[in-house]
Amino acid sequence: MAAAGRVLLEADRIAPAEIRHRPAGRDVLARLARDPAAPTMLVHLAVTLGIG
């Protein structure tokens with residue numbers, strides 16, 4: 001999960017529209033952000049986007 005979170009944050013840095021607007025990206029973000037071990041930055045991104 002931690003590795004997936006890091007990859008998702010990197011993807012948001014490189015191509016934010018893929019994570020912020022595509023349903024698949026938003027779904028993955030929501031699933032990872034609900035994990036108790038999710039990185040703080042990932043949870044913050046989810047909250048900022050209203051996901052989670």
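I looked up R20 and found it partly exposed, at a relative accessible area of 30%. For these words I used relative accessible area with a 1.4 Å probe and protein chains only: buried is under 20%, exposed is over 50%, and partly exposed lies in between.

The model is predicted, so I noted that local features need pLDDT of at least 70, side-chain atom pairs count only at pLDDT 80 or more, and totals for chains, interfaces and linings use all residues. Residues are numbered from 1 along each chain as its sequence is written, and side-chain values use heavy atoms, with hydrogens and water left out.

Next I checked the partner of R20. R20 forms a salt bridge with D12 (a side-chain nitrogen of Lys or Arg within 4 Å of a carboxyl oxygen of Asp or Glu). Their closest N and O atoms are 2.8 Å apart. D12 is buried, with a relative accessible area of 11%.

Then I turned to E10 and R13. Their side chains form a salt bridge at 2.6 Å, N to O. Both sit in helix α1, residues 2-14. They are three residues apart, about one turn of the helix. I took helices as DSSP runs of H or I with at least four residues, numbered from the N terminus. E10 is partly exposed at 35%, while R13 is exposed at 59%.

I also looked at helix α3, residues 23-33, which holds R31 and D27. These two are four residues apart, about one turn of the helix. Their salt bridge spans 3.1 Å, N to O. R31 is exposed at 54%; D27 is partly exposed at 35%.

How many salt bridges did I count by this rule? The count comes to four.
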